[in-house]
Amino acid sequence: MDVAVLGATGDIGRAICAELIERRVLRSTSRLQLVGRADGASGRAAHGLRVDLIDAHDEHAPMIDVATSPDDVVADVVVCAAGRTIPTDPGQVVDRDELANANRAIFEDYADALAAHGSGHEVVIVVSNPVELGVSVMAERLDRHRVIGMGAWLDTLRFRREIASALGIRRQRVGGFVAGQHGDGAVPLWSSVRLRGLDVDERRDTVARLRGPRTLADFAGEILQSKAKVAAAGGSDLGAAFAMIDGWPPDVQAVVRPYLTHQTGAKTAYGTAGATVDLVDTVLDGRDIVVAGQVLLDGEADIDGMPRAGVLGVPLVLGPDGWGPVLLEGLAPDEAARLRVVGTHINDAIAGWTR
């Protein structure tokens with residue numbers, strides 16, 4: 001099985017390539033295609049990255065080659081990590097509209113090339129932001145069931161980690177999902193949280209204690225206020241800003257901690273790469289596994305008051321042929337209400353970006 005990484009020489013692309021090899025997701029008989037642009041620095045750097053990866057992992061590295069044109073991308077799984085990213089300097093503000101305008105043409109170029117020259121069976125994992133726009137562009141040109149954004153899975157892993165940390169257990173013991181939009185529009189599905197080793201009553205009591213007397217009706221405001229607090233604290237003492245986050249509920253931590261991490265200049269490349277490689281591994285594994293991701297829905301999410309069609313992050317079943325059933329049964333009323341708001345916001349934004 002072969003994997004192509006678009007934007008392989010960027011911070012996130014490099015981390016994805018390294019983790020694909022280090023975790024032995026690709027066998028020595030598989031192929032890793034490093035994709036850059038012939039008219040940019042990424043095309044030159046891709047050749048150097050190929051040699052560097054072989055130097056580091058020659059004993060078990062897959063076959064590695066370089067492509068510098070969208071038309072040359074060929075793989076079973078295509079990871080889209082190309083394009084502009086949000087700067088780490090708090091003084092250099094780039095909003096999602098600006099990011100969308102910068103990356104839309106890149107999404108379209110690769111989507112058109114895959115539609116014209118691809119096998120029709122590749123699975124595309126969108127990493128680049130805005131991930132919802134990337135999913136929309138790719139899914140409109142390709143089989144929508146073979147296009148998934150990794151943002152909801154990354155948010156899910158962060159949510160689980162924060163719960164695990166609060167309870168002093170490993171993340172493997174925590175289940176539960178985050179839906180909605182990647183970033184501030186995340187919708188933590190507290191109703192889906194499961195804790196291995198606890199019965200139903202124990203889980204309910206533990207979740208109630210972790211969450212407190214809060215609902216998602218106030219979640220967007222909590223995020224805005226919390227980001228303002230850490231931004232103010234981080235200007236003079238980053239350690240104090242991170243310590244401040246430690247005292248907040250897990251769902252707030254899962255959104256605000258990555259925001260502060262990015263602002264430090266460290267970025268979140270390794271966390272992003274880990275979540276992305278999870279999805280690649282799932283597709284290549286040959287089994288259907290429940291994850292979360294941004295996808296283009298067409299009636300699969302039956303939530304009163306929400307349009308039948310549109311991009312949204314949801315829990316779903318992912319396998320070698322792409323994504324299948326969406327798992328949104330048993331939502332709490334505040335979760336359904338928040339998903340309606342976020343879903344409308346996402347697709348209004350996409351409509352504006354693609355006019």
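This is a predicted model: local features need pLDDT of at least 70, side-chain atom pairs count only at pLDDT 80 or more; totals for chains, interfaces and linings use all residues.
Residues are numbered from 1 along each chain as its sequence is written, and side-chain values use heavy atoms, with hydrogens and water left out.

Gln294 sits in strand β9, residues 289-298 (helices are DSSP runs of H or I with at least four residues, strands are runs of E with at least two, and both are numbered from the N terminus). Now show the side chain of Gln294 together with Gly151: the side chain reaches the backbone nitrogen of Gly151 at 3.3 Å.

**Next stop: strand β2**

Select residues 31-35, which form β2; 5 of its 5 residues are buried. In a regular strand the side chains alternate between the two faces of the sheet. Here Arg31, Gln33 and Val35 lie on one side and Leu32 and Leu34 on the other, and all of them are buried.

Ala4 has Gln33 of β2 as its bridge partner. To follow the chain from β1 to β2, trace helix α1, residues 11-22; this β-α-β crossover is right-handed (with the strands pointing away from the viewer, the path from the first strand over the helix to the second runs clockwise).

Then bring in β3, residues 63-67, which runs parallel to β2 and is joined to it by 5 bridges. Which residue of β3 is the bridge partner of Gln33? Look for Asp65. With helix α2, residues 41-57, strands β2 and β3 make a right-handed β-α-β unit.

**Next stop: Arg211**

Select Arg211 in helix α6, residues 200-211. Its relative accessibility is 14%, so Arg211 counts as buried. Show Asp334 as well: the side chains of Arg211 and Asp334 make a polar contact at 2.7 Å (a pair of N or O atoms within 3.5 Å; within protein, one must be able to donate a hydrogen and the other to accept it, and residues adjacent in sequence count only if both atoms are side-chain atoms).

**Last stop: the cavities**

The structure holds 2 cavities of 30 Å³ or more (on a 1 Å grid over the protein atoms alone, a cavity is a set of points where a 1.4 Å probe fits but cannot get out, and lining residues have an atom within 4 Å of a point; a volume is the space filled by probe spheres set on the points, which are joined across faces, edges and corners).

For the largest, about 80 Å³ in volume, select lining residues including Leu297, Met306, Leu312 and Asn347. β10 (309-319) supplies the largest share of this lining, 4 residues.

The second largest cavity holds about 60 Å³. Among its lining residues are Asp155, Phe159, Phe219 and Asp251. Which element gives the most to this lining? Color α9 (250-263), which gives 3 residues.

Terms used. Buried means under 20% relative accessible area, exposed over 50%, partly exposed in between (1.4 Å probe, protein chains only). Two strands pair if DSSP finds at least two bridges between them. On a 1 Å grid over the protein atoms alone, a cavity is a set of points where a 1.4 Å probe fits but cannot get out, and a pocket is an open set with protein on both sides within 12 Å along at least five of seven lines; lining residues have an atom within 4 Å of a point.
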